[in-house]
Each structure stands twice: as C-alpha cells, then as structure tokens.
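The following note sets out numbered remarks on the model shown below. Please read them alongside the sequence and the coordinates.

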Amino acid sequence: LPLPGVTINYRHGLPVITLTLPTRSERCWFTVKPMVTTVGAFLQDVQKEDKGIERAEVFATDGSKVSDATLMEILLMNDFKLVINNTAYSVSPPVKDKLSSEHATEMEDIKSLVHRLFVALHLEDHQIRKERELLRKLDHLKEELLPLEQMNARITHSADAKTSRLLWVGLALMSTQGGALAWLTWWVYSWDIMEPVTYFITYGSAMAFYAYFLLTKQDYVYLDAKDRQFLHYFYRKSKTQHFNVERYNKLKDDLAEAEESLRRLRQPLHLRLPIQEINDKD
C-alpha cells in the first residue's frame, strides 16, 4: 500500500509535520517551533534525516517558490506544496482556533519579554567590545593630534599677538591723528581753517568703512574685524609652517564624534537599558 503523504498535527501547541522518507520508506515526524524555525531550517532537518534526499523545496499553491527565510508560522497559514526529490506533496495545514484578544495580548507580552531577555544577555558583551574599539580609536586620534595641537597652539599664540599689536597700533595712530588735529587747530591754524580738513577726514573714514563692507560683505564691527584679522594671520602662518588645517579639523571632528559615541554607549551600560530606549528618552 502506498504510504500517506505529508500530514500536520498540533501537539502541545506545536505543529508536528509527518512525512515519508523516500530512501527508508518510513514515516518520520518533525516538531517545529513556528515563531523561530524558518523554512530553510526545516528543509535542512529533513535532508539530514535522510541522506538520499537531493532536492527539498516548498512552493505556494500558485507555483511560486517560498523563500528559505520565511518563518514556518507564516507558511502554515495557507496550503502549500512540499517537493522532495521528484515527488510533490500537497499540504493543507489544519486551521487553528483564533486566539482571543486577551490571549493574543499575552502572547505579545511574552514575545516582548523574550526579546528583552535576549537583549539583556547579549547587549552588554557587544557594548563592551564596542567600547574597547572606541577607546582604541580615541587613543589613536589623540596620538595623531598631539603634534598638531602643539603646532596649532604656537600658531594661535603668534596670530593672537600680531592681532593685538595691530589693534594697539590702530589706537596709537588715532591718538596721533587727534593730537595733530588739536595742535593744528589751537597752535598753528584756527578752527575756521581746520574745520573743512576734519570734515574730509571724517568723510574719508566713512568711505573706508564702506569699502570694507564691499570687500567683506560685513559691517565694520570691531570684534568681527579682529577675528577676521586673526584668521588672516593664522592661515598665513599655517602656510609657512606647513600646518594642515583641514586635516587638523577632520581629526578634531572625528575625536568629538568618537567621544560622543562613547558617552552614549556608556550611558545604557550604566542604566542597564538598551540603546534604543535611551534614544527614545532623549
């Protein structure tokens, strides 16, 4: 008598798939965990049981092949075809009773609890490895930045000193101009003669400020002008000292990013919470 095809029954809430092994011609049943086992894992178990199975595939009723990554829980929702070597079996899974909403909620809570347990058991080891990688990266970046930091400090000090000298020179020139105008007004000429001179000096200053705006597209604010002159001296000194400003800024950005990553990584380690929950709270 020909042996029956593939049958599916539920025992203790788990599906049991019974099929005939082609080489041994005997019935063998496989208990699967539908929420964990994939179609590929199930087919591998079947092939391990009977070495004579050269081909094991699953197809939907419309003839399309079912991916090996599909969970058995999804597969058992509809009819399908199981092909073993050259034999195709039509499989009709039994219809399970629909879960009540309360039972379904309990199942979702159980799944969430299992996920949290998995994260709690495996996340800390992963974070410790990641922390060591970040610490090694930080040490490497600091080692690269050390000579650049020293050169940057020297160039910054030189540029700041030149900028300060330029500001004091400007004050000295303005004081000299004021003293010269006072001397010409009271001791050499009269105010009637010096008034047009001071007018044109003021007008010339306004033209100079307007020219500054045309060249820089900025108002002549003392603090902004000081910073602009500082950058001018800084980049000119950097060029003569062969200081790579772009590489220095890139290393500083990488260092800040690594420190921020380490801070965020250590926070969930301290609180014993997954990273995604920390992100949600932020």
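What covers the buried residues of helix 1? The points below take up this question after a word on conventions.

1. Conventions. The model is predicted, so that local features need pLDDT of at least 70 and side-chain atom pairs count only at pLDDT 80 or more, while totals for chains, interfaces and linings use all residues. Residues are numbered from 1 along each chain as its sequence is written, and side-chain values use heavy atoms, with hydrogens and water left out.

2. The buried face of helix 1. The cover includes strand 2, strand 3, strand 4, helix 2 and strand 5, where helices (H or I, at least four residues) and strands (E, at least two) are DSSP runs numbered from the N terminus. The buried residues of helix 1 are Val39, Gly40, Phe42, Leu43 and Val46; buried means under 20% relative accessible area, exposed over 50% and partly exposed in between, with a 1.4 Å probe and protein chains only. They span an arc of only 160° around the axis and therefore lie on the same side of helix 1; the arc is that of the directions from the helix axis to the C-beta atoms.

3. The sheet 1-2-3. An open sheet of 3 strands has this order, with antiparallel pairing; two strands pair if DSSP finds at least two bridges between them. Strand 1 (7-11) and strand 3 (26-31) are at the edges with a single partner strand each, so one side of each has no neighbour in the sheet. From one strand to the next, the twist averages 30°. Strand 2 (residues 14-21) is joined to strand 3 by 6 bridges in the antiparallel sense, and threonine 20 has arginine 27 of strand 3 as its bridge partner. Helix 1 packs on this sheet, touching strand 2 and strand 3, and its direction makes about 145° with that of strand 3. Axes are lines fitted to C-alpha atoms, for helices over the stretch in contact, and angles run from 0 to 180 degrees between N-to-C directions.

4. The sheet 4-5-6. Here too 3 strands form an open sheet with antiparallel pairing. Strand 4 and strand 6 (87-91) are its edge strands, each pairing on one side only. Strand 5 (residues 80-84) runs antiparallel to strand 6, with 5 bridges between them; valine 83 stands opposite alanine 88 of strand 6. Helix 1 lies across strand 4 and strand 5, at about 140° to strand 4.

5. The nonpolar cores. A nonpolar core is a set of buried Ala, Val, Leu, Ile, Met, Phe, Trp, Tyr and Cys residues joined through side-chain atoms within 4.5 Å. The largest one has 24 residues, and Leu19, Phe42, Val58, Phe80 and Leu82 have the most contacts inside it. Its largest share, 4 residues, comes from helix 1. Beyond four places in sequence, leucine 19 is in contact (heavy atoms within 4.5 Å) with residues including Phe42, Val46, Leu82 and Ile84. Another core, of 19 residues, lies apart from it and has among its members Leu145, Phe230, Phe234 and Tyr248.

6. Aspartate 50. This residue lies in the loop between helix 1 (39-49) and strand 4 (56-60). Aspartate 50 is buried, with a relative accessible area of 2%. Its side chain reaches the backbone nitrogen of threonine 23 at 3.0 Å. Leaving aside neighbours within four places in sequence, aspartate 50 is in contact with Leu21, Pro22, Thr23 and Arg24.

Notes:
Polar contact = N/O pair within 3.5 Å; in protein donor to acceptor, adjacent residues only side chain to side chain.
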